[in-house]
Amino acid sequence: MTAGTTEEDGRIALIQSDIWIGFPRAEQVLDRLQGMIEAPRQTRMPGLLVHGASGIGKTMIARNLSRKYAPEYDPPSGITRTPLLLLQAPPAPDERRFYLHILAAVGAPATALSARAQNVASLEVRVIALLRDLGLRMIMIDEVHNLLAGTHREQRRFLNVLRYLSNELEVSLVCLGVSEAVDAIRGDIQLARRLDEHHLPNWRDDAEFSDMIQTLIAAMPLEKKSNLKVKSLKQILALTGGVTSRIFALIKDLSIDAIVTGNECITDDAIAKWTPVWSRHASAGRRLEKSRV
């Protein structure tokens with residue numbers, strides 16, 4: 001393998017990795033969340049519900065904050081301080097499953113009695129004790145719309161658990177999910193009152209979108225500057241539907257192609273010829289189905 005190929009492979013690997021782009025709408029949410037996690041403890045801690053289309057960037061924001069407040073070991077106490085606990089909601093609103101998920105996330109040691117053999121009340125007591133020792137400041141629940149898979153009664157019980165954890169531990173509660181989850185959260189009036197709502201809309205054809213595209217392209221390890229026309233920006237928006245994850249996929253795909261071909265920049269022609277990855281998969285599936293007929 002030549003030195004040039006090694007250098008190209010390194011740049012391609014960088015493009016394929018998770019890239020954080022601090023565009024204003026994401027930074028706005030991060031600043032708000034950071035203010036919440038740094039706020040002094042109080043009887044009723046502030047909370048937030050961040051919602052928007054799938055792929056709009058909610059999980060990306062949550063993971064970025066999680067990295068900023070990663071667990072730290074405290075030698076004097078022998079305890080690992082965990083200011084932020086990021087969890088994914090279980091596929092359905094199941095209390096036992098959720099508590100077991102928490103125990104696994106914090107690396108809880110096994111007990112004489114198997115966790116799965118303990119009743120919900122026992123798991124609840126153990127979870128509360130463990131989380132209190134961690135110095136927790138915030139619980140973030142991603143994919144909270146999963147609770148919609150349960151009955152109304154199951155949803156209410158799960159929301160009660162979230163509210164109880166927030167009250168008992170005096171921690172901020174942050175929920176992230178698609179917009180359909182808003183109605184489910186509002187099903188618990190007390191919880192809804194303490195969770196401010198922050199909507200992340202799809203990108204539109206405006207200056208904010210243009211700035212984001214320029215910032216994203218500038219973050220790509222290309223040797224030449226990409227000077228795109230307004231028509232190309234509109235086409236990017238049309239191809240992706242204004243969904244952040246799809247926009248990132250498009251720019252990354254074109255950036256890798258620019259390195260492989262030696263162009264070293266994203267061109268208007270490349271955007272005009274680009275086919276969405278999701279469309280390619282759909283076309284391949286249809287061709288496979290036809291071949292079986």
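Me: Helices in this model are DSSP runs of H or I with at least four residues, numbered from the N terminus. With that in hand, in which loop is Asp-188 found?

Reply: Remember first that this is a predicted model. Asp-188 sits in the loop between α7 (181-185) and α8 (189-194).

Me: Is Asp-188 buried or exposed?

Reply: The idea is to compare its relative accessible area with a cut-off: under 20% is buried, over 50% is exposed, and in between is partly exposed. Asp-188 has a relative accessible area of 2%, so it is buried. Leaving out residues up to four places away in sequence, Asp-188 touches Arg-156, Leu-159, Asn-160 and Arg-163.

Me: What should I look for in phi angles?

Reply: Most residues other than glycine have a negative phi. Here, Glu-143 has a positive phi of about 55 degrees, though it is not a glycine. Glu-143 lies in the loop between β5 (138-142) and α6. Glu-170, also not a glycine, has a positive phi of about 55 degrees, and its place is in the loop between α6 and β6 (172-177).

Me: How accessible is Glu-143, and what about Glu-170?

Reply: Use the cut-offs again. Glu-143 has a relative accessible area of 24%, so it counts as partly exposed. Glu-170 is at 30%, so it is partly exposed too.

Me: At what angle do helix α5 and helix α6 pack?

Reply: For a pair of helices, look at the angle and at how far apart the axes are. Helix α5 (residues 120-133) and helix α6 (residues 152-169) pack at about 45 degrees, with axes 11 Å apart. Angles under 35 degrees count as roughly parallel, and 65 to 115 as roughly perpendicular. That is why α5 and α6 come out as oblique to each other. The crossing is right-handed. On the α5 side, the contact is made by Glu-124, Val-127, Ile-128, Leu-131 and Arg-132, and α6 brings in Tyr-164, Leu-165, Glu-168 and Leu-169.

Me: What does α11 look like by itself?

Reply: Check its span first. Helix α11 (residues 244-261) has 18 residues and reaches 26 Å from first C-alpha to last, close to the 26 Å expected at 1.5 Å a residue. Its buried residues include Ile-247, Phe-248, Ile-251 and Ile-259. Just after α11, Gly-262 takes a positive phi of about 90 degrees.

Me: Which residues is Pro-221 in contact with?

Reply: Pro-221 belongs to the loop between α9 (207-218) and α10 (230-240). Pro-221 and Leu-14 are 207 residues apart in sequence, yet 8.0 Å apart in space, C-alpha to C-alpha. Setting aside neighbours within four places in sequence, Pro-221 is in contact with Arg-11, Leu-14, Ile-15, Ile-259 and Glu-264.

Me: How many disulfides does the count come to?

Reply: A disulfide is a covalent bond between the sulfur atoms of two cysteines. The rule asks for a pair of cysteine sulfur atoms within 2.5 Å, and by this rule the count comes to zero. As for individual cysteines, Cys-175 is buried, at 0% relative accessible area, and Cys-265, at 17%, is buried too.

Definitions and conventions: Residues are numbered from 1 along each chain as its sequence is written. This is a predicted model: local features need pLDDT of at least 70, side-chain atom pairs count only at pLDDT 80 or more; totals for chains, interfaces and linings use all residues. Side-chain values use heavy atoms; hydrogens and water are left out. Buried means under 20% relative accessible area, exposed over 50%, partly exposed in between (1.4 Å probe, protein chains only). Helices (H or I, at least four residues) and strands (E, at least two) are DSSP runs, numbered from the N terminus. The expected span of a helix is 1.5 Å times one less than its number of residues. Axes are lines fitted to C-alpha atoms, for helices over the stretch in contact, and angles run from 0 to 180 degrees between N-to-C directions. Angles under 35 degrees count as roughly parallel, over 145 as roughly antiparallel, 65 to 115 as roughly perpendicular and the rest as oblique. A crossing is left-handed if the near helix is turned anticlockwise from the far one by less than a right angle, and right-handed if clockwise. Contact means heavy atoms within 4.5 Å.
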